[in-house]
Amino acid sequence: MDANNGQEAEAVLRLTGITKRFGPLVANDAISLSLKRGEVVALLGENGAGKTTLMNILFGHYTADEGDIEVFGKTLPPGDPHAALAAGIGMVHQHFTLADQMTVLENIVLGTQPLWSFNLGKGAAREKIRRLAADYGLEVDPDRMITELSVGERQRVEILKALYREARILILDEPTAVLTPMETEALFATLAKLVAAGLSVIFISHKLGEVQSVSDRVVVLRGGKLAGERKTADATRRELAELMVGGQLPVNEIGPSSPRECLFELKGISTRSLGGAALRQVSMQLRGGEITGLAGISGNGQAALAALISGTLEPVEGEIIVHGEKVERWSPGAALERGLGRIPEDRHATGMIGDMSVAENVISEAYRSSRFSRFGFLDWKAAATFANDIIKAYDVKCPSPDARVRLLSGGNMQKLILGRALDGDPDIILASQPTRGLDVGAVAYVHARLIEARDRGAAVLLISEDLDEIQTLSDRILVIHRGQLSRPSLRGELSVMELGELMAGHGHDEGASHAA
Amino acid sequence: MNEALEILFTASFWVAAIRIASPLIFATMGELICERAGVLNLGIEGIMVAGAFTGWFTVYMGGDLWTGVLVAALTGAMFGLLHGFLTVPLGLSQHVTGIGITLLASSLTYFTYRILLPEVSSPPKIEPFQPFAVPVLSDIPVLGPTLFNQTPLTYLAYFTVAAVAFVFYRTPVGVAVRAVGENPSAVEAQGISVTAVRIGAVMVGSALMAIGGAFLTMSAFNSFFFEMINGRGWIAIALVVFGSWRPGKALIGAILFAAFDAYQVRLQQITGGVIPYQIFLMMPFVLSIVALVVVARRATYPKALMIPYQKGER
């Protein structure tokens, strides 16, 4: 809170009755919100609660159907990012808005001078950036290309962009989603300095822990409506969670594991790159009755590992051993034959075919089996029965097996994939980012099914960028960094910070990495 | 064999190379500006035809040569505006629209030519730009006579490259153009209109393409023929890739290609019909493909090239 200003509580921003509809969906329903000078307000809510929409309206990316925005006592014209910038609002988007093959400096000065001028004023700009960086702990070299920067550094550039324009109100959309625990700490330190300098911050998040440590006040959105507002100091974690979910937070019990024999093993596997890092000399064992969690910052080889295990990427060297037997040719077909259940990372791109029906999608891995064919022709009746079974057993909300998959929500789509992957009780399960973008209820559901599979003796590999998820579910944790694995640690053995260190590449052995 | 090498050391060869390069330089810079802003402009071939005609026709009707250049540029800018309007706010396929612009611009030009000049059998002539020796610079040994004893339009081509490079890397508007081709949301987030920057860039680029066309009718030759652009627009598109979307490298590419072209004409004369002349005609194109394979494989292209940007609604 700010004391050097006469009045203690001067509102710098006031949203009144903001409503926004996308077709039949009401993304924001009469939301009002105010922000004071030197205050951090957390905007808490699940995916799809309307947080990002609200902030996009504030910033002028969307135009509200109803409602007013007042900044420093003046009404903000709707749908005009330029006006929002001029009024002193700076926004750090979840997906960075940086031009990659340009320098930090060019990205920052873009749009800050009149377009028609013969001078970029690089000298003065560099000076100002250096000063801001030093003042707020945002060190980054102004002359480096964005492509050369880490994710954390890119976020600093985004914050610098706002500060360079003298923003007084800073909006951060899920800023910690892509950061390591250390980078998150640094971000919070920066925020504290900004608030001390009199800026106001809106911090969008769905992580309760963060919200509690960083904010003065919490505004909770649920289903596009304002669900409640609390002083952070007065609110319990449980209370906030219930406001966010609109009821009891589902809790999964996970018992002690009873590890069995190794069902799937990689020995000295190297691959080519698949966008991110390539795997280098990776060895790992997946045991029955255990969930093995793979933590790591995105782009460190998770994609290559997932593709390798599902059979879509061939190893350059190394062995794959399934059920104690060395496999000569590993392919998607071989993976299915040997009982591998796959939950792919991107359900829209590789998990499901949006324009095909639910029935077509659920048999897409098994349409050749005798179960779904009669005299060599597809047996649509059997397919529909199977689809109905999954719909019932996994509580998928969908009108019929003939519905287009595109029309389902993310959570329902994921349940379908889960049903398809877990059909026939596979004993090896690959789950890549199985809960990304799902709401709390769906997350709990997916977790419960994975625990169930583990308890019946399956070997589960959970690849996730969400450390909370990894720590909650995994009996054994591996950390991947630049295509190499750390030594495995058991549940509870390492703290978040220690895992963060491993994710940042500290403590990885050079050369071969082993996991047993 | 010696004869073949001697060609490379004659001043007339290099003078011809620079002359052949000039329209390519304009066209390549034009395409480069469009693509740097994220818009592929396949209308280039037709826009060059249109510029070649309108520039020439202005002079034929009694206009000043520079007025002709200006008219050509405006013609190009208008087709650029059309291409920009269809591809930027409407977000139509840049390939399809571009090919449409090429067909429209060239056919419209031939049609207009026939309507305006129905009775001519041999193409009417104008008094074109004359070579102008730049004082002092043209006295530099070797370089002087080749680079600085050209027509004023060639000097304008040199200047264009320098100007494009300067604007791109030294001015706010250049930063905006490059950013809009890399990540339009970066530009939007900084309060600049993506649509305005892209359409502006396509118009300026198309104007340059049209001047490249006009070079042929007003400087290299003195009349307008059908088919006279003859694929130069398509070559410019390859040259942009060859130059990795950088003005300086693209300039080198244009001169290299032109040198190949000038060389093959002279080689044809030496070999005197032993080798079919088509082989020589083919040479610059084959070499440009080879050069593309070697040079352009690792080029970093503008990230938002050919991706329309739709603001707001989801």
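1. Is B:Ile229 buried or exposed? At 2% relative accessibility, B:Ile229 is buried, where buried means under 20% relative accessible area, exposed means over 50% and partly exposed lies in between (1.4 Å probe, protein chains only).

2. Some conventions apply throughout. This is a predicted model, in which local features need pLDDT of at least 70 and side-chain atom pairs count only at pLDDT 80 or more, while totals for chains, interfaces and linings use all residues. Residues are numbered from 1 along each chain as its sequence is written, chains are lettered from A and ligands numbered from 1 in the order in which they are written, and side-chain values use heavy atoms, with hydrogens and water left out.

3. B:Ile229 lies in the loop of chain B between α10 (194-220) and α11 (232-242); helices (H or I, at least four residues) and strands (E, at least two) are DSSP runs numbered from the N terminus. With neighbours within four places in sequence set aside, the residues in contact with B:Ile229 include B:Glu45, B:Met48, B:Val49 and B:Leu216, contact meaning heavy atoms within 4.5 Å. B:Val274 is 45 residues away from B:Ile229 along the chain, and their C-alpha atoms are 29 Å apart.

4. A:Thr176 sits between β7 (169-173) and α6 (181-196) and is buried, with a relative accessible area of 4%. Beyond its neighbours within four places in sequence, A:Thr176 touches A:Thr184, A:Leu187, A:Phe188, A:Phe203, A:Lys207 and A:Glu210.

5. The cysteines deserve a comment. A search of the whole structure returns 0 disulfides over all chains, a disulfide being a pair of cysteine sulfur atoms within 2.5 Å. A:Cys398 is buried at a relative accessible area of 15%, and B:Cys34 is buried at 0%.

6. The overall form of chain A is as follows. Chain A contains 17 helices and 23 strands, and its C-alpha trace spans about 80 × 55 × 50 Å along the principal axes.

7. Of the 516 residues of chain A, 53% are buried. Among contacts in chain A between residues at least 6 apart in sequence, 68% join residues at least 24 apart.
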